[in-house]
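Have a look at the sequence and model below, then follow along with me.

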Amino acid sequence: MYVSITRLKLKSIWLLPRFARQSNKAAQQAKAAPGNLKVKLSNRWFRYFYTITHWNSKQAMQQFMINGDHKEAMQHWNKYASEVKAHGYETDQPPNWKDARLIMENEGRTTN
């Protein structure tokens with residue numbers, strides 16, 4: 001299984017309503033995407049927003065990422081976020097939230 005973890009740091013709490021609409025669209029797209037096994041969302045202090053998605057392959061995740069609402073969200077992330085980090089890897093055991101947050105701190109790659 002391929003696991004993708006992302007973290008977005010929201011620029012301002014005032015951007016939350018627009019960001020929430022866009023991220024919900026992308027989450028719904030992920031849930032319906034071929035190869036998706038699971039979508040999990042979380043936030044901390046309404047400032048940091050996390051996703052963990054499980055896929056049957058890296059290629060399935062990449063196809064999702066470059067299409068639809070997610071593609072649109074990626075094109076405009078800098079309107080909402082001061083930082084976006086991502087990390088993906090193959091595993092038999094997907095992480096819990098505590099481990100996912102540690103992975104982001106230690107291995108997350110900042111996106112530009």
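**Entry 1: the largest pocket**

I began with the largest pocket and found about 1000 Å³ of space in it. A pocket here is an open set of points on a 1 Å grid over the protein atoms alone, where a 1.4 Å probe fits, with protein on both sides within 12 Å along at least five of seven lines, and lining residues have an atom within 4 Å of a point. The volume is the space filled by probe spheres set on the points, which are joined across faces, edges and corners.

I noted that this is a predicted model, where local features need pLDDT of at least 70 and side-chain atom pairs count only at pLDDT 80 or more, while totals for chains, interfaces and linings use all residues. Residues are numbered from 1 along each chain as its sequence is written, and side-chain values use heavy atoms, with hydrogens and water left out.

Which residues lie nearest the centre of the largest pocket? I wrote down Thr 6, Thr 51, His 70, Met 74 and Val 84, out of a lining of 40 residues. The elements that give two or more residues to this lining include E1, E2, E3 and E4, and helix H1 (16-32) gives the most, with nine residues. Helices (H or I, at least four residues) and strands (E, at least two) are DSSP runs, numbered from the N terminus.

I sorted the lining by class and got 22 nonpolar, 15 polar and three charged residues. Ala, Val, Leu, Ile, Met, Phe, Trp, Tyr, Cys and Pro count as nonpolar, Asp, Glu, Lys and Arg as charged, and the others, Gly among them, as polar.

**Entry 2: helix H5**

Next I looked up helix H5 (residues 97-107), whose buried residues are Ala 100, Arg 101, Ile 103 and Met 104. They sit on the same side of H5 because they cover an arc of only 155° around the axis. That arc is taken from the directions from the helix axis to the C-beta atoms. Buried means under 20% relative accessible area, exposed over 50%, and partly exposed in between (1.4 Å probe, protein chains only).

On the other side of H5, I found Lys 98 and Asn 106 exposed. What do the buried residues of H5 pack against? I listed strands E1 (2-10), E2 (36-44), E3 (48-55) and E4 (81-90). At the start of H5, a side-chain oxygen of Asn 96 comes within 3.1 Å of the backbone nitrogen of Lys 98.

**Entry 3: along the strands**

I then checked Asn 36 in strand E2, which counts as buried because its relative accessibility is 17%. Setting aside residues up to four places away in sequence, Asn 36 touches Ala 30, Lys 31, Thr 53, His 54 and Trp 55. Contact means heavy atoms within 4.5 Å.

Ala 81, in strand E4, is buried at a relative accessible area of 3%. Beyond its neighbours within four places in sequence, I saw Ala 81 in contact with Leu 8, Lys 9, Leu 10 and Lys 11.

**Entry 4: loops**

Is Trp 45 buried or exposed? I noted it as exposed, with a relative accessible area of 67%. Trp 45 lies in the loop between E2 and E3 and has a positive phi of about 55° although it is not a glycine.

Phe 46 is found in the loop between E2 and E3, with a positive phi near 50°. At 47% relative accessibility, Phe 46 counts as partly exposed.

How values were computed:
Polar contact = N/O pair within 3.5 Å; in protein donor to acceptor, adjacent residues only side chain to side chain.
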